[in-house]
Amino acid sequence: MNPVLTAREMSLADRAAIEELRTGETRLMELAGRETARMIAGRFEHSKSLDGVSALVVCGKGNNGGDGFVVARHLLNRGARVDVLLVWPEDDLAGVNLEGLHILKAYRRYNEGLRIFAGIYEARTTVGATEYQVVVDAIFGTGLRIDTEDPELREPARSAVELINFVNAHSEAVTVAIDLPSGLDATSGRSSEPCVNADMTVTMAFLKTGFFQNSGPSLCGEIQTAEISIPEFLVEPTSCLLVDEAFAAESYLLRDPSSAKHLNGKVLLVTGSADGGGSMLGAALLAARAAVKTGAGYVCASLPDGQAAVMHSFAPEVVVIGRDMISIIEKAKWADAIVIGCGIGRSDEAQELVETLLCTPEIAGKKLVLDADALYAIAERDLFDRVSSLEDAVLTPHAGECSRLSGLSVEDIMLSPIDTARMLAEEWNVNLLLKGMPTFIASPSGMVLISNSGTEALASAGTGDVLSGMIGALAAKGLDSHEAAAAAAWLHGRAGDLASNVSSLVSSVDVLQAIPQAVLELFESEE
Ligand SMILES: NC(=O)C1=CN([C@@H]2O[C@H](COP(=O)(O)OP(=O)(O)OC[C@H]3O[C@@H](n4cnc5c(N)ncnc54)[C@H](O)[C@@H]3O)[C@@H](O)[C@H]2O)[C@@H](O)CC1
Ligand SMILES: [K+]
């Protein structure tokens with residue numbers, strides 16, 4: 001899994017590379033620029049040469065602008081025609097950045113086409129009349145400071161960002177952001193007004209937390225990471241990682257050919273309700289079937305009396321027991337993981353059931369997935385002390401449920417989901433999976449995993465129940481509940497993608513049915 005860093009962590013890594021390893025700023029910058037030019041070339045079919053390609057590189061006064069001068073040089077080396085726009089006067093440049101500009105100026109002797117514009121006003125008319133295939137945004141990187149009270153950019157940055165966005169909106173040009181789109185805060189993902197809207201972001205060394213929060217996902221475009229010789233050991237231990245296919249594959253424990261069903265993960269679900277005329281058995285069916293489809297060896301569901309036939313018509317593999325505590329405790333002793341909450345309802349009786357379950361040692365000592373109405377009961381009955389003493393549990397709220405649990409507003413949670421998930425997991429001493437796009441999975445020790453797979457396809461009723469069943473299955477098969485939640489979130493997203501080409505048509509049953517394909521893919525791509 002790849003580390004995901006805050007701006008501060010990235011700057012510590014930069015400094016360690018320069019001061020401890022003596023890598024040298026010039027070397028890092030050269031690699032940054034060269035890698036970016038190589039990735040730009042990769043966007044065009046003729047990846048070695050950029051003959052006939054016209055590029056505009058818009059440079060700021062910090063090291064991000066310095067990267068821009070190097071990119072401009074390597075684009076020229078590959079045959080592109082290049083215009084460079086200095087957003088600030090040359091007098092504002094110093095050190096490696098000024099050196100970068102001097103080298104570029106020396107290039108002019110050999111490249112008549114190279115134009116260097118001193119300031120936005122000098123550039124505007126010519127830029128407007130030129131057709132570019134590439135616009136490189138090198139105005140701000142991790143050094144940007146935004147005032148959250150007043151996120152407006154001042155001149156000349158404002159006009160420069162507007163120019164980049166104008167060319168992006170009115171031409172076929174690909175906008176490539178160096179390190180991050182200018183105006184985006186690398187840590188929080190909040191953006192200034194305006195902010196560059198990139199088609200592609202070539203980020204240096206490591207992903208940044210801002211790519212996954214607030215405006216980050218909508219402004220970065222495709223994200224590529226440039227290897228610039230800042231080794232991973234400089235950032236270890238990391239506290240945030242991006243879940244990837246390789247992690248999901250490693251986490252998916254295949255059955256031993258000689259094993260019996262009871263060795264392949266036994267899941268108990270305490271889910272579903274049917275009161276009077278209403279029924280929330282669908283949630284129970286989806287979660288149970290998802291556990292089966294994810295490869296649990298044995299799935300048992302505790303349902304309200306008289307509901308076994310419904311389960312068997314949908315998931316004949318599932319053994320059904322009653323809702324009485326004696327039967328539940330009996331099966332809890334046997335189970336490797338227990339899923340509690342999907343569709344049990346919000347009645348006093350349901351809340352009482354959750355409280356009793358969490359206070360029962362045979363249950364509290366197991367791997368637990370607490371979802372939906374179980375979360376409601378935890379919030380209503382203030383069961384956080386119980387939650388804190390659980391052996392290995394995961395709570396799986398969406399932002400609304402998280403708000404009810406924590407008392408924080410949905411807006412505040414969404415403004416800093418990584419920090420919020422980490423803080424609550426630490427406070428409640430439990431794993432917390434904060435559902436959304438992306439999904440954040442925090443452990444009590446402060447590790448946050450980000451699962452970025454899947455699209456809006458998953459935004460439909462019942463997909464959360466499917467996820468709970470999947471987590472239960474992976475936990476029962478041997479993962480701890482933090483890893484199980486992260487791997488299940490990734491597979492769940494992938495299953496959503498595979499369910500249909502048209503995301504709006506995807507229902508939770510479609511996601512369920514696509515689980516085996518998502519799992520199979522893991523092993524096909526490994527071969
Ligand atoms: N430090 C290093 O060793 C490396 C840094 N690299 C590049 O350097 C970047 C970071 O460079 P810097 O720290 O110089 O910062 P930036 O180049 O991101 O920008 C900072 C400059 O903009 C100004 N500024 C900040 N906020 C502003 C605002 N709201 N309005 C107007 N001006 C503002 C600052 O005063 C400073 O001059 C990275 O994103 C990356 O692109 C890479 O070259 C790799 C190596
Ligand atoms: K940038």
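**View 1. Ser-182 and its contacts.** Leaving aside neighbours within four places in sequence, Ser-182 is in contact with Asp-137, Ile-139, Phe-140, Val-161, Ala-177, Cys-195 and Val-196, where two residues are in contact if their C-beta atoms, placed from the backbone, lie within 7 Å. Ser-182 belongs to the loop between β6 (174-178) and β7 (200-204); helices (H or I, at least four residues) and strands (E, at least two) are DSSP runs, numbered from the N terminus. With 30 C-beta neighbours inside 10 Å, Ser-182 counts as buried, a class that requires 20 or more other C-beta atoms within 10 Å of a residue's own, whereas 12 or fewer make a residue exposed and values in between make it partly exposed, with C-beta atoms placed from the backbone. This is a predicted model, in which local features need pLDDT of at least 70 and side-chain atom pairs count only at pLDDT 80 or more, while totals for chains, interfaces and linings use all residues. Residues are numbered from 1 along each chain as its sequence is written, and chains are lettered from A and ligands numbered from 1 in the order in which they are written.

**View 2. The annotated binding-site positions.** UniProt, in an unreviewed entry, places the feature "binding site" at Asn-64, Asp-137 and Ser-182; UniProt positions are given in the numbering used here, feature names are shortened, and annotations may be inferred rather than shown by experiment. These positions span 119 residues in sequence, yet no two of their C-alpha atoms are more than 9.4 Å apart, so they gather at one spot. Asp-137 lies in strand β5 (residues 134-138) and is buried, with 31 other C-beta atoms within 10 Å. Beyond its neighbours within four places in sequence, the contacts of Asp-137 include Val-58, Ile-164, Thr-175 and Val-176, and Ser-182 is also one of them.

**View 3. The shell around ligand 1.** Of the 27 residues around ligand 1, Gly-62, Asn-63, Asn-64, Gly-141 and Gly-143 come nearest, a residue being near a molecule or strand if its C-beta atom, placed from the backbone, lies within 6 Å of it. Helices α1 (7-20), α2 (25-43) and α3 (63-77) each supply at least two residues of this shell, and α3 gives the most, with five residues. By class, the shell around ligand 1 divides into eleven nonpolar, nine polar and seven charged residues, where Ala, Val, Leu, Ile, Met, Phe, Trp, Tyr, Cys and Pro count as nonpolar, Asp, Glu, Lys and Arg as charged, and the others, Gly among them, as polar.

**View 4. Ala-55 in strand β2.** Ala-55 is placed in strand β2 (residues 54-59) and is buried, with 25 other C-beta atoms within 10 Å. Not counting residues up to four places away in sequence, Ala-55 touches Leu-75, Ala-80, Val-82, Tyr-132, Gln-133, Val-134 and Val-136. The C-alpha atoms of Ala-55 and Asp-179, 124 residues apart along the chain, are separated by 18 Å.

**View 5. The contact between the two domains.** The chain is divided into domain 1 (2-237) and domain 2 (245-526), with bounds that come from an automatic or database domain assignment. Taken over C-alpha atoms, the centres of domain 1 and domain 2 are separated by 42 Å. The contact takes six residues from domain 1 and seven residues from domain 2, and the side of domain 1 that touches domain 2 has two nonpolar, four polar and no charged residues.

View 6. Helix α18 (residues 417-428) has twelve residues and reaches 16 Å from its first C-alpha to its last, close to the 16 Å expected at 1.5 Å a residue, the expected span being 1.5 Å times one less than the number of residues. The buried residues of α18 include Pro-417, Ile-418, Arg-422 and Trp-428. Asn-429, which follows α18, has a positive phi near 50°.

View 7. A cis peptide bond with omega of about -5° joins Glu-193 and Pro-194, and Pro-194 is placed in the loop between β6 and β7. Another cis peptide bond joins Met-437 and Pro-438, with omega about 0°, and Pro-438 is found in the loop between β19 (431-434) and β20 (439-442). Ala-205, although not a glycine, has a positive phi of about 70°; Ala-205 lies in the loop between β7 and β8 (207-208) and is buried, with 26 other C-beta atoms within 10 Å. Ser-229 likewise has a positive phi, near 70°, in a residue other than glycine, but Ser-229 is partly exposed, with 14 other C-beta atoms within 10 Å.
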